[in-house]
Amino acid sequence: MKLVQKMIIFILGLIVLLFFIRLVLPSQVDDVTPGIYCEEEILDKADVYYVVPNFEGESISENLEWCSMILDSEKELALHGYEHTYQEFESGDASLKLDNGIEIFEECFGYSPERFKAPNLAINSENKKLVKSQMELDGIFNQVFHKVYHCSDSGVFSNRFVSLF
Ligand SMILES: [Zn+2]
């Protein structure tokens, strides 16, 4: 067999392997918050919700009806940024945003978040250290090895694609 053929088979093998890894590992949905529309189907499919605590100034802890609805779904819940503005964890010290986000999350759900994912996965090294001192930080590897849906279908890959692959 020619080298090129071997390489093609190898790459196809990796894609098949990735397909099964993504199929088996818990699926996730990003951008869960009252201010962002999320299809019921996507919320049903996902095992882990990445919640934005204060999107457009709307604190989830002030919407207890929403909090109990999310709790009733019995999904695993994680923290996803603070206001979900572009690069809010990428520039400068985000310790205040993180503290506020954790506090709002606790008020809403009654426990502390154990996982964190930055908006657009954008986070500088100082803020990485800060997050990791308090909880698990999900980055690019998490995004590759899990099916990650997005509320309002705003992801790099569409929810339809994520569903298939
Ligand atoms: Zn997001």
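**The pockets in detail**

Modeller: In this predicted model, the volume of the largest pocket is about 470 Å³. Its lining consists of 24 residues. Those that lie nearest the centre of the largest pocket are Gln-143, His-150, Gly-155, Val-156 and Phe-157. Several elements each give two or more residues to this lining: the helices α1 (3-24), α6 (140-145) and α7 (159-164), together with the strands β1 (28-32) and β8 (148-150). The greatest contribution to the lining comes from α6, which supplies 3 residues.

The space within the second largest pocket amounts to about 190 Å³, and 15 residues line it. Nearest the centre of the second largest pocket lie Cys-38, Leu-43, Trp-66, Met-69 and Ile-70. Two or more lining residues are given by each of α2 (40-45) and α3 (64-72). The lining of the second largest pocket is made up of 11 nonpolar, 2 polar and 2 charged residues.

Helix α1, already mentioned for the largest pocket, also calls for a word about the surface. Leu-12 is placed in helix α1, and Leu-12 belongs to a nonpolar surface patch of about 1,000 Å². Other members of this patch include Leu-3, Val-4, Met-7, Ile-8 and Phe-10, as well as Ile-11, Leu-14, Ile-15 and Leu-17.

How values were computed:
Residues are numbered from 1 along each chain as its sequence is written. This is a predicted model: local features need pLDDT of at least 70, side-chain atom pairs count only at pLDDT 80 or more; totals for chains, interfaces and linings use all residues. Side-chain values use heavy atoms; hydrogens and water are left out. On a 1 Å grid over the protein atoms alone, a cavity is a set of points where a 1.4 Å probe fits but cannot get out, and a pocket is an open set with protein on both sides within 12 Å along at least five of seven lines; lining residues have an atom within 4 Å of a point. Grid points are joined across faces, edges and corners, and a volume is the space filled by probe spheres set on the points. Helices (H or I, at least four residues) and strands (E, at least two) are DSSP runs, numbered from the N terminus. Ala, Val, Leu, Ile, Met, Phe, Trp, Tyr, Cys and Pro count as nonpolar, Asp, Glu, Lys and Arg as charged, and the others, Gly among them, as polar. Patches are made of residues with over 30% relative accessible area and no salt bridge: like charges are joined within 9 Å, nonpolar side chains (Val, Leu, Ile, Met, Phe, Trp, Tyr) within 5 Å. Accessible areas come from the Shrake-Rupley method with a 1.4 Å probe; for residues, only the protein chains shown count as cover. A salt bridge is a side-chain nitrogen of Lys or Arg within 4 Å of a carboxyl oxygen of Asp or Glu.
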